[in-house]
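This report is for a reader meeting the structure for the first time. It takes up a few local arrangements in turn, beginning with a pair of helices.

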Amino acid sequence: MSTPTQSGREHTIVSMRQHVTRQTYVDRIVTHPRGAVVEFPVSGAVEGEAVAHVFAITCADWVHPKHNLQYSLGDAHGGHKDVKCHLLTNAAGVTPVLCYQTRLSCRSVKACGYVGPCVPAAGVPDDGQVDAPCQTCAGASCDSSREATREVFNKTLGLYAALLSRGCSWPRDTRAQNADATGWLDATPPHGDGIPLDARAMEPSPCGGHFLLCWSTSGSPFLQCSEYRNAGRAHLKLSQLGEFNLIYLDALLTDNRPVVEALEKLAQTDGYGPLATCDFMATWREQKQLCRNGSLERGILMPCEPCPTRFDMYVPNDLEATPYIVLVSRHPDPKPTRAPLTILGKFQNMVRDLGWHLADATPRRLALNSTFMASLHQELDWAHPHDPALSHLHPSLGNSDHVGRIIQDLRLELYPGGTGIKGAERFLAHQQTMPLPEQYLRCVESVSIPGHEPFIIIICMLPAMSQLLITTRRPSIDTSFKRADSYQEFEIEAWYPEQKKSIVCARAFTTSQSAPAHYHLFKRIFEIVEHDTGRPVHFRHIHGDGIETIVADAHKGQALGEPDCPMEMGHI
C-alpha cells in the first residue's frame with residue numbers, strides 16, 4: 001500500500017517546501033484520515049503560500065473532498081491527464097504516481113452595491129438646529145448615549161421607510177376635491193422604466209394624500225395624512241412619537257435636504273444610517289440578488305473583484321493502489337453555505353424517517369416534530385436542557401430556504417406526483433393494486449358541473465368502514481377540520497353502543513361546500529358502500545329500512561345536497 005511521502009501521523013501538519021509537480025511546490029502538508037470531512041482546508045498565511053492536503057480514502061464508497069468545501073468553485077477550471085504528483089509515490093516509495101489534475105478557481109463573492117469608502121461628515125447648517133456629536137465626554141456614558149442616538153435614528157428611518165412603502169391605505173376618494181387644499185404635486189415624474197427621479201421622493205399614498213408632522217394644542221407631536229379631517233377619520237393618524245427624532249422625521253417629510261444630509265452624515269461617522277457603507281456579502285452559491293440590509297432600498301449584490309485563488313486537485317489513476325487524494329489550496333475561509341455530503345446524508349435520513357409526515361413538512365414543523373427532534377438529539381449527543389436548532393448540525397442548515405429545498409427534494413422522492421391532485425391520483429392508482437380490505441383512498445375526482453365552479457372530492461374509507469355505515473341508523477355529518485390547505489375535511493360518524501364510542505364511517509376532502517358538491521360527495525360515498533357490501537344504502541322513509549335520521553348542523557350546502565341523493569335512489 002502506497003503512502004504520502006511525508007512522515008508522521010495522520011492529522012499532522014508538516015512545514016516544509018516540497019514539490020507537488022515538477023513546476024509547483026507547497027509550503028506545508030496536512031494529512032487527513034479516512035472519512036475526514038474538511039469544509040475549510042488550512043490555507044496559506046501570506047500571499048503565494050500554498051498548503052497541500054492529503055486525504056486518505058476508501059475506494060469502495062469514496063467522496064471527493066471538493067464536495068465538502070464551502071468555497072464557490074467553478075470558474076476557469078480545467079484538467080490534465082497523467083500528471084506526476086511527487087506527494088504520492090508507488091509502493092516502493094520512489095516513483096511519483098500518475099494522477100488526473102483538476103484546477104478550479106474561486107468565483108469570489110457578491111457584495112452590496114452600497115459598499116464603499118466612508119465619507120467624512122460635513123458641517124451642519126445653523127437653521128437645522130442639529131447638535132454636533134459629543135467631543136468631550138468619553139467612556140461608558142458616551143457609548144451609551146451614542147447607542148441610544150443610533151437606535152432613535154434607525155427607528156425614525158424605519159418609520160419613514162414604512163410610510164414610503166405603505167402610505168395611507170384608505171381608498172382614493174377625495175383627491176380631486178382637495179387637490180388645491182392639500183397642495184400635493186407630482187413633482188417627480190417617473191422615467192420610462194417607472195422609477196422616480198429621486199429615490200427619496202415620497203410616492204402618493206393610495207388615498208392621494210401626503211404625511212404631515214403636526215403639534216397638538218398641548219404641544220404633543222402627531223403624524224397624520226393630509227386627507228385626515230372630521231369627515232375622513234379613517235385616514236392614517238399616528239401619535240406617541242416620543243421615541244423618534246422629530247427633527248429628522250420633519251426634514252424627511254418636508255424634503256428639507258440640508259438638514260437631512262447633515263443628520264445622515266453625522267450618523268455616517270458612527271457607522272449607521274443610509275449613507276453608511278454596507279459590509280454584507282454572499283457567496284455565488286447563494287441565490288440572493290438583494291442585500292438583506294437597507295430601510296429605504298435594498299442594495300443589489302454585485303460581483304467583487306475576481307479572486308486569484310486556485311485549487312489544484314490530484315486524483316491517482318489507480319485509486320486501488322494509491323488510495324489518496326491531494327488538494328492544494330490558497331484561500332481564506334468563507335462563510336459555510338453548503339452542508340458536507342456526510343452531514344447532509346444524516347439530515348436527509350432523519351427527514352425520511354418522518355414517513356408520511358414528510359408530505360407537509362416545513363423547516364418550522366421539523367422543530368415541532370418529536371420524532372425528528374429525538375433523532376437530532378441523538379445525532380448531536382445533546383445534553384442541554386433546551387432543544388437544538390438545525391444550525392447546530394451545520395451552520396448552512398440555519399437557512400430556512402436551503403432546508404426547504406432539501407425537504408422538497410425528499411418529498412418528491414416519496415411522492416413523485418407531488419402532494420396535490422396529481423399526487424393523489426397517483427396514490428389512488430397504487431392503492432387499487434392492493435387487496436380490497438387494505439384500500440383506504442377510494443376516490444379522487446375533479447368534477448365540472450355546468451353553471452358551477454369545478455371542484456375536487458377525495459374520499460377515504462376502508463371496506464370495514466363501509467360495513468359500519470351500512471348498519472348505522474342515526475349517523476351525523478360535519479365539516480369540522482381544515483388540515484389540508486384549500487380543502488374542507490368532511491366526516492360521517494355514528495355512535496355504536498357495542499364499542500361505546502363514536503366511530504368515523506367515512507372521511508372526505510372537498511374544495512367546495514355547495515349543494516351540488518355535497519350531492520356528488522354523498523352519491524360517491526353510497527356507491528363505494530354498495531361496492532364493498534353488496535347492499536345499497538337505504539333510507540327508512542323511502543325504503544322502509546335503513547338510515548332513520550341524519551344529524552347535521554345548519555350548513556346550507558349539506559341541507560340541500562344530502563336529500564337529493566335518497567330522493568334519486570328512491571326513484572330507482
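## Helices α3 and α4

In this model, which is predicted, α3 passes α4 in a left-handed crossing. The residues that make up the contact of α3 with α4 divide into seven nonpolar, no polar and one charged. On the α3 side the contact is formed by I247, Y248, A251 and L252, and these meet V259, V260, L263 and E264 in α4.

Helix α3 covers residues 246-254 and helix α4 covers residues 257-269, and the two pack at an angle of about 135° while their axes lie 8 Å apart. Angles over 145 degrees would count as roughly antiparallel, and those from 65 to 115 as roughly perpendicular; α3 and α4 are therefore oblique to each other.

Strand β8 is formed by residues 221-225, and five bridges join β7 to β8, the two running antiparallel. Within this part of the sheet, L213 stands opposite L223 in β8.

## Helices α5 and α9

From α5 the contact draws on L344, F347, Q348, V351 and R352, while α9 contributes V403, I406, L410 and E413. Taken by type, the residues of the contact of α5 with α9 divide into six nonpolar, one polar and two charged.

Residue V504 is found in strand β18, which is made up of residues 501-510. Is V504 buried or partly exposed? Its relative accessible area is 21%, and since buried means under 20%, V504 counts as partly exposed.

Once its neighbours within four places in sequence are left aside, V504 is in contact with M465, E491, I492 and E493. The C-alpha atoms of V504 and L469 are separated by 8.9 Å, although the two residues are 35 residues apart along the chain.

Conventions:
Residues numbered from 1 in each chain as written. Predicted model: local features only at pLDDT ≥ 70, side-chain atom pairs only at ≥ 80, totals over all residues. Heavy atoms only, no water. Axes fitted to C-alpha atoms, helices over the stretch in contact; angles between N-to-C directions. Helix = DSSP H or I, 4+ residues; strand = E, 2+ residues; numbered from the N terminus. Parallel < 35°, antiparallel > 145°, perpendicular 65-115°, else oblique. Left-handed = near helix turned anticlockwise from the far one by under 90°. Contact = heavy atoms within 4.5 Å. Nonpolar A, V, L, I, M, F, W, Y, C, P; charged D, E, K, R; others polar. Pairing = 2+ DSSP bridges. Buried < 20%, exposed > 50% of the residue type's maximum accessible area, 1.4 Å probe, protein only.
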